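Let's take a walk through this chain together, going from overall confidence to a few residues worth a look. Keep the viewer open as you read.

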Amino acid sequence: MSDQLTAWLRTIVPAAWSAVIAALVTAGAPAWLVDGLGDAGSTLVVPLVLAAVYALLRWAEPYLPAPIARVLLGSTRPPTYTPPRSTTEQDGRHPTA
């Protein structure tokens, strides 16, 4: 699997799990918790749950069995990133705009 696909999966799969959890939280949240937020309640829940779920999954990843990590994160292998190519020309000068 390419690093680009791995990175995409490791972003999209936890986001999908977060969306499911956010939908469940929103559907079952007590009125006193969401009434004060009005229409912004469901808008705020998704990014907050996404941040919490993603941080929890990344923290738990080393402790999870590989099949479970694959289901929750999309891949057990983190992508490798290469440094960006230099913007200098071959003679060492920066290109002019």
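In what follows, two residues are in contact when they have heavy atoms within 4.5 Å of each other.

Please bear in mind that this is a predicted model. The chain has a mean pLDDT of 79, with 84% of its residues at 70 or more.

Start with helix H1, which spans residues 3-28 and includes Ser18. Is Ser18 buried or exposed? Buried means under 20% relative accessible area, and Ser18 has 1%, so it counts as buried. Once neighbours within four places in sequence are left aside, the contacts of Ser18 are Val49, Leu50 and Val53.

Stay on helix H1 and find Ile12, which also lies there. Ile12 is partly exposed, because its relative accessibility is 37%.

Now move to the segment after H4, where you will find Pro79. With a relative accessible area of 15%, Pro79 is below the 20% cut-off and therefore buried. Which residues does Pro79 touch, leaving aside its neighbours within four places in sequence? They are Asp3, Thr6, Ala7 and Arg10. Take Thr6 from that list: Thr6 and Pro79 are 73 residues apart in sequence, yet their C-alpha atoms are 5.8 Å apart in space.

Conventions
Residues are numbered from 1 along each chain as its sequence is written. This is a predicted model: local features need pLDDT of at least 70, side-chain atom pairs count only at pLDDT 80 or more; totals for chains, interfaces and linings use all residues. Side-chain values use heavy atoms; hydrogens and water are left out. pLDDT is the predictor's confidence in each residue, from 0 to 100. Helices (H or I, at least four residues) and strands (E, at least two) are DSSP runs, numbered from the N terminus. Buried means under 20% relative accessible area, exposed over 50%, partly exposed in between (1.4 Å probe, protein chains only).
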